[in-house]
Amino acid sequence: MRLAIRTLFALAAFAPFVVIACGGDDSKTAKYPSKDGGETPSSTDTTVTVGEGDAAAVVGVTDNSTQQISEASKGAYDDGFKAWMSGDLQTAKAKFREVTTSDPKASAAFYSLGCVLERLGDNAGAQQAYRQAFNAKSDNEIAMGAYALNLAHTGHQSEADNFLTSAHQKNPGSARIETYLAEVKSLEKDSTSAQQLAQDALRIDPNFKDAMIVIARDHYRAGRTELASYALRAVLDGFGQASPARDPGNAEALLLRGIIEREAGLRIAAMKDFDMARMKRPDLVEATIQVAAMKLEAGNAQEAQPLLESAVKYAPQNAIAHMNLGDCYRLQQRFADAKRELDQSLALDSTLMGAHYAMGLMYLNAPSFPGMDAKAQVAAAIRELDQYKTMRGPKATPGTSDDIDDLIARAKDKQNQMNMPAATAAPPATHPAAHPG
């Protein structure tokens with residue numbers, strides 16, 4: 001098993017929901033089924049028209065087709081959107097800032113600028129931009145949600161909760177605000193409140209698929225994967241003619257379903273869903289990382305490399321992307337590049353024990369390492385492998401296994417051989433080669 005990517009499995013399910021509104025005006029009738037498999041009670045069992053062009057909750061830059069952008073600023077805004085979709089975050093930032101400078105009331109541009117700043121790791125700047133977005137347009141609930149979710153994901157969950165609770169009290173009829181609040185409650189591990197709020201959002205608007213995705217994500221976080229899968233089925237597949245799929249191409253739903261499938265060992269189905277998610281949303285970095293991780297697990301570093309380089313470009317603050325790119329370079333014997341990426345992953349998230357495992361393998365197996373002699377290299381291997389074992393604990397995570405004890409023993413044998421006087425050195429012990437990942 002490739003330990004360096006184990007921490008990927010639940011990554012995206014804990015991220016904010018990031019759904020881009022889609023175009024078109026096709027519609028179909030649908031009913032939202034209850035959790036036990038039947039239809040909802042008559043008091044809430046409302047037949048609704050599901051339009052593919054309905055506004056979605058967006059935490060991610062959109063084009064200007066649904067935004068109120070002045071004619072003078074549309075060119076710069078479009079350039080910013082194109083840069084965002086290609087992963088050119090610096091150009092996107094410059095273009096959106098250009099719009100906000102020329103039009104201080106351009107709420108959508110402030111929101112989009114916030115999205116870019118958040119990707120670049122400037123959370124204070126992102127929060128300021130989101131506030132400017134909903135101050136310029138008081139009903140910009142998307143910006144309000146993005147502000148709250150950024151707070152929640154940067155260690156300020158109570159502040160996010162209070163902000164959205166106040167917004168909900170001012171506008172109790174908003175399904176969107178209620179859904180954002182449900183997501184924050186889920187992040188706070190208050191699953192009961194999260195589920196209730198998301199169900200209440202569906203009572204307000206039975207067509208609000210983002211609430212369904214929050215329901216699924218909260219079930220997943222709480223370990224209720226069957227219920228998560230059931231909720232995702234309502235979005236992606238439906239339940240026959242009486243209740244067709246709400247949004248079969250929904251990238252967030254595809255991503256979460258792929259994670260569940262991957263954990264269940266359904267690799268072909270998972271890969272299909274991840275690929276569909278990233279094709280639908282090129283900026284949905286988590287889907288790209290998942291595809292690359294599966295390719296690394298299969299030993300296909302060459303195909304994983306461009307995916308991970310793209311992920312790092314789109315999300316330079318994503319520690320998982322850097323860790324897996326480092327592991328990819330290690331497999332290709334690009335050791336200096338591997339160390340740079342692995343060091344960067346630990347600088348962003350010091351809890352990534354997989355980065356220590358990958359570095360331990362690199363130092364142990366590399367014929368030589370730039371700037372190190374053989375003794376320093378094997379000492380570094382032991383240090384990194386010991387650090388991994390310390391962080392892992394006495395036993396591997398349930399359902400997984402690793403060869404850490406064998407690797408450490410191998411490294412220490414190698415060190416002992418180096419330290420023995422040349423005249424008495426015994427032939428090196430033979431150990432099976434470690435799995436390359």
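Author: Start with a term. Helices are DSSP runs of H or I with at least four residues, numbered from the N terminus. Keep in mind that this is a predicted model.

Reader: Where is glutamine 333 placed among those helices?

Author: Glutamine 333 sits in the loop between α15 (319-331) and α16 (335-348). Its phi is near 60°, a positive value in a residue other than glycine.

Reader: Is glutamine 333 buried or exposed?

Author: Exposed means over 50% relative accessible area. Glutamine 333 has 56% relative accessibility, so it counts as exposed.

Reader: Which loop holds lysine 189?

Author: Lysine 189 lies in the loop between α7 (175-187) and α8 (191-204). Its phi is positive too, about 65°, although lysine 189 is not a glycine. With a relative accessible area of 77%, lysine 189 is exposed.

Reader: How many helices and strands does the protein have?

Author: The secondary structure comes to 19 helices and two strands. The protein has 437 residues, and buried ones make up 52% of them. Now look at contacts between residues at least 6 apart in sequence: 60% of these join residues at least 24 apart.

Reader: How do I read a helix pair? At what angle do α5 and α6 cross?

Author: Take the angle between the axes. Over 145 degrees counts as roughly antiparallel. Helix α5 (residues 141-153) and helix α6 (residues 157-170) cross at roughly 155°, and their axes come within 7 Å. That makes α5 roughly antiparallel to α6. The crossing of α5 past α6 is left-handed.

Reader: Which residues make the contact between α5 and α6?

Author: From α5 come Met144, Tyr147, Ala148, Leu151 and Ala152. From α6 come Gln157, Glu159, Ala160, Phe163, Leu164 and Ala167. Sorted by type, the contact of α5 with α6 has nine nonpolar residues, one polar and one charged.

Reader: Now another pair. At what angle do α9 and α11 pack?

Author: Angles under 35 degrees count as roughly parallel. Helix α9 (residues 209-221) and helix α11 (residues 251-263) pack at about 25°, with axes 10 Å apart. So α9 and α11 are roughly parallel to each other. Here too the handedness can be read: α9 passes α11 in a left-handed crossing.

Reader: Which residues of α9 meet α11?

Author: Ile213, Ala216, Arg217 and Tyr220 do. Their partners in α11 are Glu252, Ala253, Leu256, Ile259, Ile260 and Glu263. The contact of α9 with α11 divides into seven nonpolar residues, no polar and three charged.

Reader: Where does aspartate 237 lie?

Author: Aspartate 237 is in the loop between α10 (225-236) and α11. At 47% relative accessibility, aspartate 237 counts as partly exposed. Leaving out residues up to four places away in sequence, aspartate 237 touches Leu232, Ala245 and Arg257. Compare sequence with space: aspartate 237 and aspartate 247 are 10 residues apart in sequence and 8.2 Å apart, C-alpha to C-alpha.

Reader: Is serine 107 buried or exposed?

Author: Buried means under 20% relative accessible area. Serine 107 is at 4%, so it counts as buried. Serine 107 lies in helix α3 (residues 107-119). Beyond residues up to four places away in sequence, serine 107 touches Ala133, Phe134, Ala136, Lys137 and Asn140.

Terms used: Residues are numbered from 1 along each chain as its sequence is written. This is a predicted model: local features need pLDDT of at least 70, side-chain atom pairs count only at pLDDT 80 or more; totals for chains, interfaces and linings use all residues. Side-chain values use heavy atoms; hydrogens and water are left out. Axes are lines fitted to C-alpha atoms, for helices over the stretch in contact, and angles run from 0 to 180 degrees between N-to-C directions. Angles under 35 degrees count as roughly parallel, over 145 as roughly antiparallel, 65 to 115 as roughly perpendicular and the rest as oblique. A crossing is left-handed if the near helix is turned anticlockwise from the far one by less than a right angle, and right-handed if clockwise. Contact means heavy atoms within 4.5 Å. Ala, Val, Leu, Ile, Met, Phe, Trp, Tyr, Cys and Pro count as nonpolar, Asp, Glu, Lys and Arg as charged, and the others, Gly among them, as polar. Buried means under 20% relative accessible area, exposed over 50%, partly exposed in between (1.4 Å probe, protein chains only).
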